[in-house]
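Biologist: Thanks for sitting down with me. Could you show me the model, and then we can go through it together?

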Amino acid sequence: MHIQRPQINEINLLAHAEGKITVLGGPSVSACPQHYPEFDILHLGELGDATDRTIEYLDCHTARPQQQIRFQSKQRLPLSEFPIPAYHLLDLNQYFLANIQFSSGCPYRCEVSDIPELYGRNPCLKILQQVIAELVDARSSRLLPTF
Ligand code: SF4
């Protein structure tokens, strides 16, 4: 995801120009937070205690902080407890494609990949009912075509 860094930082500039607080999470910033010094809040690591603290912070603050704030996940939420993404909030016209996550982590160690480092070498899987629920939700949000 590092290849998207220029666009990520451009979005941050556009948001700041409108006076908006900005939050960044995901693989690129989790691996290299030093690449994103201009963002107001960094969410580092997978869904977990950092996510709760990020949401708690945003519930109480709408203005930009004086300094960058970093929330680092120390306790990851089990994949089987991941909530269904809010697909209904997506503007599909803005997306070339979309995907559904069903696993996290990887047992291999390809030298080009930071996935095992970021998400562990013990793969976790969502349960079947979770994946089906997400597909149904995505379809009802018109994320998937109906046949
Ligand atoms: S280490 Fe990374 S690139 Fe290699 S198989 Fe796992 S996820 Fe894929």
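Modeller: Happy to! Helices (H or I, at least four residues) and strands (E, at least two) are DSSP runs, numbered from the N terminus. This is a predicted model, in which local features need pLDDT of at least 70 and side-chain atom pairs count only at pLDDT 80 or more, while totals for chains, interfaces and linings use all residues. Residues are numbered from 1 along each chain as its sequence is written, and side-chain values use heavy atoms, with hydrogens and water left out.

Biologist: In which helix is the place of His16?

Modeller: Look at residues 5–17, where His16 has its place. That run is helix H1.

Biologist: Is His16 buried or exposed?

Modeller: Buried means under 20% relative accessible area, exposed over 50%, and partly exposed in between (1.4 Å probe, protein chains only). His16 has 17% relative accessibility, so His16 counts as buried.

Biologist: Leaving aside neighbours within four places in sequence, which residues is His16 in contact with?

Modeller: Contact means heavy atoms within 4.5 Å. With the neighbours within four places in sequence left aside, the partners of His16 are Thr22, Glu38, Asp40 and Arg64.

Biologist: What is the bridge partner of Leu24 in S2?

Modeller: In S2, Val23 has Ile41 as its bridge partner. For Leu24, the partner is Leu42.

Biologist: How many Å apart are the end C-alpha atoms of helix H3?

Modeller: The expected span of a helix is 1.5 Å times one less than its number of residues. H3 covers residues 49–60, so its 12 residues should span 16 Å. The distance in the model agrees with this: 17 Å.

Biologist: Which residues are buried in H3?

Modeller: Their cover includes strand S1 (23–25), strand S2 (41–44) and strand S3 (69–72). The buried residues of H3 are Asp49, Ala50, Thr51, Thr54 and Tyr57.

Biologist: Which residues is Val29 in contact with, leaving aside its neighbours within four places in sequence?

Modeller: Val29 is found in helix H2 and counts as buried, at 2% relative accessibility. Its contacts, apart from those neighbours, are Leu24, Tyr36, Leu42, His43 and Leu44.

Biologist: What is the relative accessible area of Pro37?

Modeller: Pro37 has its place in the loop between helix H2 (27–31) and S2. Pro37 is exposed, and its relative accessible area is 52%.

Key: Two strands pair if DSSP finds at least two bridges between them.
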